[in-house]
Amino acid sequence: MEQQRLQAHAAELEQWLARLAPVDAEVADLRSALGPLLAQAAAGAMAVPLPWGDIPGGRYFTEGRLRRYPELEQAFARFRIEATGGESPALRKLRGET
């Protein structure tokens, strides 16, 4: 987990959440759920990677309606990947990187 990347992804996600929360209650709920983690990430206070399931919000995309915001979903995915330790070798291989 690289702190600068984590901070950048947290800031990007927060920007999307701030933009969409006033017009979508589900986004506002997601923003509320992620608030403490985003604040920790922004402050550089996340010292160890989190387990995948400890990052709230995935259900908003799989069970909710937030898939209609692909930019938000991508920002969430980037944040979640970095907060759980960054890209794994398997993910890099899947993307075609070496």
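## Overall fold

The secondary structure of this protein comes to 5 helices and 0 strands. The model is a predicted one. Along the sequence, the pattern reads α-α-α-α-α. The radius of gyration is 13 Å, close to the 13 Å that the globule rule gives for 98 residues, so the protein is as compact as a globular protein of that length.

Now the dimensions. The C-alpha trace spans about 40 × 30 × 20 Å along its principal axes. Of the 98 residues, 33% are buried. Contacts can also be sorted by distance along the sequence. Take those with a separation of 6 or more: residues 24 or more positions apart account for 67% of them.

## Helices α1 and α2

Helix α1 covers residues 3–20, and helix α2 covers residues 25–42. Their axes come within 10 Å and cross at roughly 155°. Angles over 145 degrees count as roughly antiparallel, so α1 is roughly antiparallel to α2. The crossing of these two helices is left-handed.

Which residues of α1 and α2 meet? On the α1 side they are L6, Q7, A10, L13, E14, L17, A18 and L20. On the α2 side they are V27, L30, R31, L34, L38, A41 and A42. The residues of this contact divide into 12 nonpolar, 1 polar and 2 charged.

## Helices α2 and α4

Helix α2 also pairs with helix α4, which covers residues 70–83. The axes of α2 and α4 come within 13 Å and cross at roughly 30°. Angles under 35 degrees count as roughly parallel, so α2 is roughly parallel to α4. Is the crossing left-handed or right-handed? α2 passes α4 in a left-handed crossing.

From α2, the residues in this contact are V27, L30, L34, L37, L38 and A41. They meet L72, F76 and F79 in α4.

Notes
Residues numbered from 1 in each chain as written. Predicted model: local features only at pLDDT ≥ 70, side-chain atom pairs only at ≥ 80, totals over all residues. Heavy atoms only, no water. Axes fitted to C-alpha atoms, helices over the stretch in contact; angles between N-to-C directions. Helix = DSSP H or I, 4+ residues; strand = E, 2+ residues; numbered from the N terminus. Parallel < 35°, antiparallel > 145°, perpendicular 65-115°, else oblique. Left-handed = near helix turned anticlockwise from the far one by under 90°. Contact = heavy atoms within 4.5 Å. Nonpolar A, V, L, I, M, F, W, Y, C, P; charged D, E, K, R; others polar. Rg over C-alpha atoms; globule rule 2.2 N^0.38 Å. Buried < 20%, exposed > 50% of the residue type's maximum accessible area, 1.4 Å probe, protein only.
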